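Dear colleague,

Please find below the structure that I am handing over to you. My findings on its helix packing follow directly after it.

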Amino acid sequence: MINHPPVDLLIEQLGTDGQPVSRYCLCVVASKRARQIIEQSVSNPKSKEIVKELAVASREIANGKIKCVKD
């Protein structure tokens, strides 16, 4: 369970025009970004830092670096 940043904040950050996204959308976006981070860490083994990929993804969403785009 994510405590920081709060799930409600993440849902609002992903939404557009004051319309929050669903929790399902948040899970999909965060998991896709976490998989991207895992792939990057596999290709760059220099980093010995222990990082939880989902935590990094949720921080990026909270900071507005990640947006939800409908295909």
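**Helix packing**

Helix α1 (residues 7-14) packs against α2 at an angle of about 85 degrees, and their axes are 10 Å apart. Axes here are lines fitted to C-alpha atoms, for helices over the stretch in contact, and angles run from 0 to 180 degrees between N-to-C directions. Helices (H or I, at least four residues) are DSSP runs, numbered from the N terminus. The angle makes α1 roughly perpendicular to α2; angles under 35 degrees count as roughly parallel, over 145 as roughly antiparallel, 65 to 115 as roughly perpendicular and the rest as oblique.

The model is a predicted one, in which local features need pLDDT of at least 70 and side-chain atom pairs count only at pLDDT 80 or more, while totals for chains, interfaces and linings use all residues. Residues are numbered from 1 along each chain as its sequence is written, and side-chain values use heavy atoms, with hydrogens and water left out.

On the α1 side, V7, D8, L10, I11 and L14 meet R23, L26 and V29 of α2. This contact (heavy atoms within 4.5 Å) comprises 6 nonpolar, no polar and 2 charged residues. Ala, Val, Leu, Ile, Met, Phe, Trp, Tyr, Cys and Pro count as nonpolar, Asp, Glu, Lys and Arg as charged, and the others, Gly among them, as polar.

The axes of α2 (residues 23-43) and α3 (residues 53-62) come within 8 Å and cross at roughly 120 degrees, which makes α2 oblique to α3. From α2, the residues L26, V29, A30, R33, A34, I37 and I38 meet E53, L54, V56, A57, E60 and I61 of α3. By class, that contact has 10 nonpolar, no polar and 3 charged residues.

**Helix α3 and the segment after it**

The buried residues of α3 (under 20% relative accessible area, with a 1.4 Å probe and protein chains only) are V56, A57, S58, E60, I61 and A62. Their cover includes α1 and α2. E60 counts as buried because its relative accessibility is 14%. Leaving aside neighbours within four places in sequence, E60 is in contact with R33, K65 and I66.

Just after α3, G64 adopts a positive phi of about 85 degrees. K67 is also found in the segment after α3. K67 and Q13 are 54 residues apart in sequence and 7.9 Å apart in space, C-alpha to C-alpha. With neighbours within four places in sequence left aside, K67 is in contact with Q13 and L14.

Yours sincerely

Conventions. Helices (H or I, at least four residues) and strands (E, at least two) are DSSP runs, numbered from the N terminus. Buried means under 20% relative accessible area, exposed over 50%, partly exposed in between (1.4 Å probe, protein chains only).
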